[in-house]
Amino acid sequence: MDRKSMVIGAVVIGVVMIVGGMVWSAEKNKLKAGQKGEDRKEVVAMAMTAKITIDQAIKTAVENFPGQVIEAELEKKHDKAVWEVEILTAEQGVMAVYVDAGSGSVISTEEKYGQKQSGT
């Protein structure tokens, strides 16, 4: 194989890789956009079925771990809708308290800045 053929082959391979990468990236972005829509639908469905409000979940979490609430969100954990309430504790740690969105009971806790965990 002569030098000219090798250069042409290398250019063709480079172009194929660039175009293929752009197509893959576009498909990946479409997938992410589709997932966001599905995630929103799932959150709305969880919120509609939750018997416990965000305010009730925050109250329960703070009763168990006094401190300043810095974040609260509805999420799915072990196929259950749960409120994750993050609290800045007096010890300057962040504690995540998981409150069952159906029953209102604390199902688990997790120290975010440390490796201690309790519950399920």
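How many residues lie between β1 and β2 in their hairpin? There are two, and H78 in the turn has a positive phi of about 55 degrees.

## Basis

This is a predicted model, in which local features need pLDDT of at least 70, side-chain atom pairs count only at pLDDT 80 or more, and totals for chains, interfaces and linings use all residues. Residues are numbered from 1 along each chain as its sequence is written, and side-chain values use heavy atoms, leaving out hydrogens and water.

## Hairpin

Strands β1 (residues 68–77) and β2 (residues 80–88) run antiparallel and are joined by nine bridges. Q68 has L88 in β2 as its bridge partner. Helices (H or I, at least four residues) and strands (E, at least two) are DSSP runs, numbered from the N terminus; two strands pair if DSSP finds at least two bridges between them.

## Salt bridges

The count is four salt bridges, each a side-chain nitrogen of Lys or Arg within 4 Å of a carboxyl oxygen of Asp or Glu. Accessibility is classed as buried (under 20% relative accessible area), exposed (over 50%) or partly exposed (in between), with a 1.4 Å probe and protein chains only.

K59 and E63 form a salt bridge at 4.0 Å, N to O. Both lie in helix α2 (residues 54–64), four residues apart. K59 is exposed at 55%, as is E63 at 56%.

K80 pairs with D100, their closest N and O atoms being 3.0 Å apart. K80 is partly exposed at 38%, whereas D100 is buried at 8%.

K112 forms a salt bridge with E84, with closest N and O atoms 3.4 Å apart. K112 is in the loop between β4 (106–111) and β5 (117–119), and E84 is in β2, 28 residues apart. Salt bridges that share partners join E84, E86 and K112 into one network.
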